[in-house]
Amino acid sequence: MKKIFLYTIVHLSMFLGFSSQTIWAQGSDCLGAEPFCDNVLNPFAAGTNQPNAPVGNNYDCLFTQPNPAWYTMTIGQSGDIDFTLDNTNNVDIDFIVWGPFASIADANAGCGNLGNGGAGGSVVDCSYSAVAQEDVFIPNAVAGEVYILLITNFSNLPTDIFSTANTGDGSVVCDCEVNFTYDPLPTGLNDGLMLDTTGSSATFIVCPPDPNTASSYTLGFNIGVGGQNAADTIEFFNSDVSTVFASSLVFAPPPSAPFDTNDVLIQVTPDETNIGFNQFSVGVLNNSAAGGCVQNFSISVLVPGIEASADDTVLCPLIADTTQLFGATYADSFNLQAQNFQWNLISGTATFSDDTLQNPLLYVPNTLTPGDSVVVAVEYSVDLPGSGTTCLHSDTIKFRVSDIDLTTTAQSPICVGESALIEAEFTTNNLGGLGGACGLNTTGCA
């Protein structure tokens, strides 16, 4: 009832002549969430006249989500997080917390699916009360975890929102500015390339296992980190790389003089499950006189490969057919031009429109019968620019021929010397996703 009552008051004030203006809050979308720093949320101007937060997330108790302000909270010390949200105009505000996430990158990946479990995390705390002060509580937070905090200005009135200091035995740290460089490791420790760096993010490419020799390839690089002043102490904080690559190594020596610099060495060896884009983060902790903060580095690793598919993998017996084949790759977005395709017939009877195209047609003859199958494979290669390395990968598709049933009917009775029409009707089953028959024509004889 309180929400409807307040809604009426706000709109009545507009009719009485109060003017309104649009105010944007900080972190006005999930992907642009601001860091909640140093165990306290500094005052910010709450948004007004802004639309609800986007659909897709589980907003739990928040029946409406007007004027959203998004924040990330990185846990520095394990324990409870306990603080109160307040505002200068003593108006109605609400909130929800989702998590935990392994990194800022994982939290960003959950945007649009927050609170729905799995990669979207869970609802940790939520309040839609009528009061101006809201207590936020995160129990048993673990160092390195990331949570997303959404604050809404239900009142739609101008106010500055802030928080009291965290009184829990855990702590919240924030991103900080450090000097850094990305450097590939030398040959022998690295088979990959760095494709791009933007801010604290970097994108690399490395080959998948060779399908012919089963030999593997390793990407190795170093993040060199330096503080802003000599009083800083730089040390490795956390990384979720092991949840992305089954074979990975992170080596970071403990801080040593001079304490304001450090290195984090990372190696990953992809397997078949890593074909495509892989994302993980690396965090370093800067302990300075001003307090601790975490710099997160977002790493993307492209493992080029091919995924073969077809319009349909169930074939009708005794019918000539044409099926479109597809070879989906992940290298196109980086304009890697030296891509080659070779389709091969492994078993069965079929031909290709052009076996060197990325997406050729497959021609199937009318001689296939139930129990037959057709297996095709595509071999894919792409040259890594400037390295002399060629990545190889392959994938297969198996087509099966549907079962067939024959039903005959004939005119009866017939006399000696007369002729009769015998009708044979073919129907098929086991069509998988087709959900119907192949529709063979009825044939007749006299």
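Contact here means heavy atoms within 4.5 Å, and the legends below describe close-up views of a predicted model.

**View 1. Phe280 and its surroundings in the largest nonpolar core.** Leaving aside residues up to four places away in sequence, Phe280 touches Phe221, Ser239, Asp240, Val241, Val244, Phe245, Ile266, Phe297, Ser298, Ile299 and Val301. The largest nonpolar core has 51 residues, and those that touch the most other members are Phe221, Ile223, Phe280, Ile299 and Phe399. Apart from this core lies another, of 22 residues, which includes Ile75, Leu85, Ile93 and Ile161. In soluble globular proteins, nonpolar side chains tend to be buried together.

**View 2. An open sheet of 4 antiparallel strands.** The strands follow the order β2-β9-β4-β7, with β2 (44-45) and β7 (134-141) as the edge strands, each pairing on one side only. Between β2 and β9 (residues 160-163) there are 2 bridges, and Phe44 has Ile161 of β9 as its bridge partner. Strand β4 is joined antiparallel to β9 over 3 bridges, where Leu85 is partnered by Ser163 of β9, and to β7 by 6 bridges, where Phe83 is partnered by Val136 of β7. Strand β4 (residues 79-87) is mostly covered, with 7 of its 9 residues buried.

**View 3. The tilted aromatic pair of Phe36 and Phe83.** A search of the whole structure finds 15 aromatic pairs, and in the one formed by Phe36 and Phe83 the ring centres are 4.9 Å apart with 40° between the planes, a tilted arrangement. Because Phe36 lies in the loop between β1 (34-35) and β2 while Phe83 belongs to strand β4, the pair ties together parts that are 47 residues apart in sequence. Phe36 is buried, at a relative accessible area of 1%, and Phe83 also counts as buried, at 2% relative accessibility.

**View 4. The edge-to-face aromatic pair of Phe63 and Tyr128.** The rings of Phe63 and Tyr128 stand edge-to-face, 5.4 Å centre to centre and with 75° between the planes. Phe63 comes from the loop between β2 and β3 (68-77) and Tyr128 from the loop between β6 (122-127) and β7, so this pair ties together parts that are 65 residues apart in sequence. Phe63 counts as exposed, at 65% relative accessibility, whereas Tyr128 is buried, at a relative accessible area of 16%.

**View 5. A cluster of aromatic rings.** Phe180, Tyr182, Phe204, Phe221 and Phe297 are linked into a cluster by ring pairs.

Note on methods:
Residues are numbered from 1 along each chain as its sequence is written. This is a predicted model: local features need pLDDT of at least 70, side-chain atom pairs count only at pLDDT 80 or more; totals for chains, interfaces and linings use all residues. Side-chain values use heavy atoms; hydrogens and water are left out. A nonpolar core is a set of buried Ala, Val, Leu, Ile, Met, Phe, Trp, Tyr and Cys residues joined through side-chain atoms within 4.5 Å. Buried means under 20% relative accessible area, exposed over 50%, partly exposed in between (1.4 Å probe, protein chains only). Two strands pair if DSSP finds at least two bridges between them. Rings of Phe, Tyr and Trp (its six-membered ring) pair if their centres lie within 6.5 Å; planes under 30 degrees apart count as stacked, over 60 as edge-to-face and the rest as tilted.
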